[in-house]
Amino acid sequence: MLLKTSHKKLFSVLGVLTFASAVQADDPVTPAIPGVSAGGVVIELIKDGFNGTEGPVGLVDGSLLFTETNAKRIVRIGPDNTVSTYLENTNGANGLGVNAKGELIAVQVANPRVGVIYPQGQEKNLAENFEGQPFQRPNDLVLAGNGSIYFTDSGTRPTKENPNPPASKPGLFHITPDGTLKRIANDIERPNGVQLSPDEKVLYVANTLGEHVLAYDIAADGSVQNRRNFAKLEGWKNTENVWSSGADGLAVDAEGRLYVASNAGIEVFSNKGEALGVISLPKKPQNLAFAGKDKKTLYVVGRGAAYKIPLLAAGFAGRAK
């Protein structure tokens with residue numbers, strides 16, 4: 001019998017060792033992925049019912065921040081699972097990052113821009129438009145060690161509330177260490193999550209409307225080249241007459257493995273793009289990040305829910321995200 005490794009209580013009855021647990025038989029558990037996750041570990045629901053769930057990033061105290069984009073709020077999850085409001089009135093902050101000064105940087109969707117949003121009183125805009133054209137929906141960002149910021153604008157898409165939005169102009173952007181804004185790609189159908197390899201030589205981009213995670217080599221000046229299909233996604237499927245992988249947030253671990261939130265769950269790939277396994281969740285994940293003192297906890301948010309998953313692998317320690 002496989003015993004789930006969360007919340008077990010060991011006790012003795014008439015000299016016989018017996019396991020008792022509050023864990024329910026239908027609780028989601030991890031698959032066994034060598035070096036990544038032990039089989040049968042319970043995926044813990046921290047809380048459901050958030051108003052939009054995006055942009056998680058780990059802090060040095062072991063806590064995690066994520067954005068309630070629709071509520072224009074940032075939420076903190078403590079190492080003990082306590083949930084509290086970290087920041088209000090965030091201008092629809094979406095993806096988050098922390099720079100070398102400890103400032104919190106966000107791509108923001110209410111009044112589209114990229115900038116420092118915390119500490120309060122030290123807010124600063126870093127980019128509000130490109131060549132005079134306002135951004136449409138800044139989505140995610142990642143900060144390099146030299147101060148560069150890479151971020152995506154996923155463009156517009158029809159919704160029930162707005163079936164005829166302006167023409168979509170998605171893009172991948174780079175803010176150089178001296179503050180210069182450059183568009184480094186405009187040929188991705190719907191760029192979403194963005195991530196750097198641990199050595200910062202490769203930039204990964206999730207294309208929600210594509211079958212593959214994309215990879216680019218990073219040149220000395222921070223520009224990208226050699227676009228290629230890095231990993232084929234199991235989440236690729238036809239939903240409502242639209243083919244989509246659902247690829248969203250990205251994370252990397254200390255060994256350079258890539259974790260992708262997709263229609264299938266959390267897809268895990270080697271640093272060569274080899275599929276290693278999928279961690280399924282009750283709700284479709286949107287974004288994810290390693291956090292905790294040892295960065296061996298993977299936090300996943302999506303569809304109003306927040307989960308935590310103890311892993312064997314540790315997140316890359318060289319930057320917050």
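Student: Which residues lie nearest the centre of the largest pocket, and how many residues line this pocket?

Tutor: The lining comprises 42 residues, and Arg-157, Pro-158, Thr-159, Arg-190 and Arg-303 lie nearest the centre. This is a predicted model, with residues numbered from 1 along each chain as its sequence is written. Local features need pLDDT of at least 70, side-chain atom pairs count only at pLDDT 80 or more, and totals for chains, interfaces and linings use all residues; side-chain values use heavy atoms, leaving out hydrogens and water.

Student: What makes a space a pocket rather than a cavity?

Tutor: On a 1 Å grid over the protein atoms alone, a pocket is an open set of points with protein on both sides within 12 Å along at least five of seven lines, whereas a cavity is a set where a 1.4 Å probe fits but cannot get out; lining residues have an atom within 4 Å of a point. The largest pocket has a volume of about 1,500 Å³. Strand 22 (237-239) and strand 23 (242-244) each supply at least two residues of its lining.

Student: How does the lining of the largest pocket divide by class?

Tutor: There are 8 nonpolar, 21 polar and 13 charged residues. Asp, Glu, Lys and Arg count as charged, so Arg-157, Arg-190 and Arg-303, among those nearest the centre, fall in the charged class.

Student: What is the volume of the second largest pocket?

Tutor: The second largest pocket holds about 770 Å³ of space. It is lined by 35 residues, with Val-98, Asn-99, Ala-100, Lys-101 and Leu-143 closest to its centre. This lining has 16 nonpolar, 11 polar and 8 charged residues.

Student: How many cavities of 30 Å³ or more does the structure hold?

Tutor: There are 2 such cavities. The largest cavity has about 70 Å³ of space, and its lining includes Gln-195, Phe-290 and Phe-316. Strand 24 (250-252) and strand 28 each give two or more residues to that lining. The second largest cavity has about 50 Å³; among its lining residues are Leu-96, Val-142 and Arg-319.

Student: Why is the pair of Phe-50 and Phe-66 called edge-to-face?

Tutor: Rings of Phe, Tyr and Trp (its six-membered ring) pair if their centres lie within 6.5 Å; planes under 30 degrees apart count as stacked, over 60 as edge-to-face and the rest as tilted. The centres of Phe-50 and Phe-66 are 5.0 Å apart and their planes stand at 85°, so the pair is edge-to-face.

Student: How do you know whether Phe-50 is buried or exposed?

Tutor: Buried means under 20% relative accessible area, exposed over 50%, and partly exposed in between (1.4 Å probe, protein chains only). Phe-50 has 9% relative accessibility, so it counts as buried. Phe-66, at 0%, therefore also counts as buried. Phe-151 and Phe-173 form a stacked pair, 5.2 Å centre to centre with 15° between the planes.

Student: What makes strand 3 and strand 28 edge strands of their sheet?

Tutor: Two strands pair if DSSP finds at least two bridges between them. The open sheet has 4 strands in the order 3-30-29-28, with antiparallel pairing. Strand 3 (44-47) and strand 28 (287-291) each have a single partner strand, so one side of each is left without a neighbour in the sheet. Strand 3 and strand 30 (residues 305-310) are joined by 3 bridges, and Leu-45 has Tyr-307 as its bridge partner in strand 30.

Conventions
Grid points are joined across faces, edges and corners, and a volume is the space filled by probe spheres set on the points.
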